[in-house]
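Look at the model below and follow the text through it, one region at a time.

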Amino acid sequence: ANDLEGVQIGNQLSKALWTQHAMVPAVSSLAQFQLATDPHYPTSRDARINTFRQIYSQQPGSDAYEALLTHAGLTALDTSDVLTKVASGYKTTVKYGTDPFSQSLRQIAQLIHADLGTRVYYASLGSFDTHANERKVQDALLKNLADGVAAFMQDLQALGKSDQVAMMTFSEFGRRVKENAGNGTDHGTAAPMFLFGSKLKGGLYGNSPSLTELDTNGDLKFGIDFRQVYATLLKDWLGADAPAVLDGASYPSLGFVQSTSNA
């Protein structure tokens, strides 16, 4: 029913958004998400796009892959038209940073303002793989995170959308406790997750991990299974069937959502 159930800001679709039931575009620039035609012949652009649409509008055969590619082509073309209009219709007084993460959040704010029915947005900030010179790198990355989120939340408030959006951070790995020889830390297990939103109950959930009582590999012992955080957002925010997403397993809600939302 909606060709934009999810959108990733970036050049490559993350595995988190792979699905059999929706076409999720990876968009590096809303304004440039267009079918590229020959720039040497600008007057033929409309004819080329019409030809593309006619080719992909032909009734596909029985082959499933042919049907998939046909649908993907037409969906991309239609989505391109929508996103181009979104890019031109958004105005904000909020000053975002020039770093890629802040600009990704700015584009997400544009899409939220357009109210296209998108439920999930995905942006990334890297790299926290701090094997060397961790303090300098970590300070800069966390500043990008803080500044980007602050601008994004301010923009949502100005757009009247702050109570419709919940934001979650995650990483695929944590860091070791012990410093290595390069003034950094190596891959570890537990890591913090941050959540933002005016409809979320603030505070620290779980206990701070001990820096001395470590597991046999010298890693932190996590206090909350990250899937419990996912389950809370899936059920209490998105209104989704959490066990269906989480491989059939049920996890109790952490209770950080103030009220059920259809954001």
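Begin with helix 5, whose buried residues are covered by elements that include strand 4 (167–168), strand 7 (195–196) and helix 6 (242–245). Helices here are DSSP runs of H or I with at least four residues, strands are runs of E with at least two, and both are numbered from the N terminus. Buried means under 20% relative accessible area, with a 1.4 Å probe and protein chains only. Among the buried residues of helix 5 are Val-229, Leu-233 and Trp-237. Gly-239 follows this helix and has a positive phi, near 70°.

This is a predicted model, in which local features need pLDDT of at least 70 and side-chain atom pairs count only at pLDDT 80 or more, while totals for chains, interfaces and linings use all residues. Residues are numbered from 1 along each chain as its sequence is written, and side-chain values use heavy atoms, without hydrogens and water.

Next, find helix 3 and helix 4. Their axes (lines fitted to C-alpha atoms over the stretch in contact, with angles from 0 to 180 degrees between N-to-C directions) come within 9 Å and cross at roughly 15°. The two helices are therefore roughly parallel to each other, a term for angles under 35 degrees. Contact, meaning heavy atoms within 4.5 Å, involves residues including Leu-105 and Ala-109 of helix 3 and Phe-152 and Asp-155 of helix 4.

Which residues does Tyr-96 touch, leaving out those up to four places away in sequence? Among them are Tyr-90, Leu-105, Ala-109 and Phe-152.

Conventions
Buried means under 20% relative accessible area, exposed over 50%, partly exposed in between (1.4 Å probe, protein chains only). Angles under 35 degrees count as roughly parallel, over 145 as roughly antiparallel, 65 to 115 as roughly perpendicular and the rest as oblique.
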